[in-house]
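Student: Could we go through the ligand and metal sites together? I would like to see how each answer is reached.

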Amino acid sequence: MKIQIDELQKSMEELLPKKRFLHTEGVAYLAASLAMCYGESAERAMIAGLLHDNAKYIDFEEAISECKHHGLPVSDVERRNPFLLHGKLGAYYANVKYGVMDEEVLSAITYHTTGKPNMTFLEKVIFLSDYIEPRRTQPTTPSLEEIRIIAFHNLDLAVYYALENTVRYLKSTGREIDELTIKTLEYYRLKKV
Ligand code: DGI
Ligand code: FE
Ligand code: FE
């Protein structure tokens, strides 16, 4: 089955609150631009971008029970921070509700919040586009403007800066950090030197 981007876009517009839909579109177009910049498939990037937050508004109890129901593992950290589940549950829905069969697209959705070591091109592009899409405004070091420029020259370095900022922010607010987030940061820190 051929995925129709226009239809996905319409589905997400109906499913998501306005602000989240605008973020979703921003991620999709930015991911497509990065794919073009690096000579990769803009279509896959659009599909992954459009679907990456499709499970964001499932309530937490339902997300946990949906995961259990469909055989998706829920770690202790995820049970305590159930919003972390919207990646893997979103990938599951991308497959069963929206007909996505492409494993790389599904994996990019699964890991878009924590990242993971040694990501594929598409995994990196979705992880990063989520962080630097034009509507994001959070203060970062280097600044978001700088990370945006770096993204079009050195994807791994931009991923590292995005993660470093996320972990710094999570530590400053005393939030629990998933092991995968830490492992990803360590992986890209070592890659940088
Ligand atoms: O869904 P979005 O808001 O577009 O973006 P996202 O899926 O990347 O989620 C962003 C939030 O996820 C951000 O506030 C940082 C947080 N996050 C990323 N890794 C971890 C984490 N939060 C916790 N508690 N632990 C993590 O390891
Ligand atoms: Fe998300
Ligand atoms: Fe997002």
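Tutor: Gladly! A residue counts as near a molecule if one of its heavy atoms lies within 4 Å of it. Keep in mind that this is a predicted model.

Student: Which residues come nearest to ligand 1?

Tutor: There are 20 residues around ligand 1. By class, this shell has 5 nonpolar, 7 polar and 8 charged residues. Those that come nearest are Lys56, Thr113, Glu176, Asp178 and Thr181.

Student: How far does a polar side-chain atom of Thr181 lie from an oxygen atom of ligand 1?

Tutor: A polar contact needs N or O atoms within 3.5 Å. Arg20 has a polar side-chain atom 2.9 Å from a ligand 1 oxygen, and for an N or O atom in the side chain of His112 the distance is 3.0 Å. For Thr181, the value is 2.7 Å.

Student: Which element gives the most to the shell around ligand 1?

Tutor: Two elements give two or more residues to this shell, α2 (18-37) and α10 (155-172). The one that gives the most, with 3 residues, is α10.

Student: Now the metals: which residue bridges the iron ion (ligand 3) and the iron ion (ligand 2)?

Tutor: The iron ion (ligand 3) is coordinated at 2.2 Å by His23 (NE2), His52 (NE2), Asp53 (OD) and Asp130 (OD). In sequence, these donor residues follow the spacing H-x28-H-D-x76-D. The two iron ions lie 3.6 Å apart, and the residue bridging them is Asp53.

Terms used:
Residues are numbered from 1 along each chain as its sequence is written. Chains are lettered from A and ligands numbered from 1 in the order in which they are written. This is a predicted model: local features need pLDDT of at least 70, side-chain atom pairs count only at pLDDT 80 or more; totals for chains, interfaces and linings use all residues. Side-chain values use heavy atoms; hydrogens and water are left out. A polar contact is a pair of N or O atoms within 3.5 Å; within protein, one must be able to donate a hydrogen and the other to accept it, and residues adjacent in sequence count only if both atoms are side-chain atoms. Helices (H or I, at least four residues) and strands (E, at least two) are DSSP runs, numbered from the N terminus. Ala, Val, Leu, Ile, Met, Phe, Trp, Tyr, Cys and Pro count as nonpolar, Asp, Glu, Lys and Arg as charged, and the others, Gly among them, as polar. Donors are N, O and S atoms within 2.8 Å of the metal (3.2 Å for Na, K and Ca); water is not among the atoms, so sites may look incomplete.
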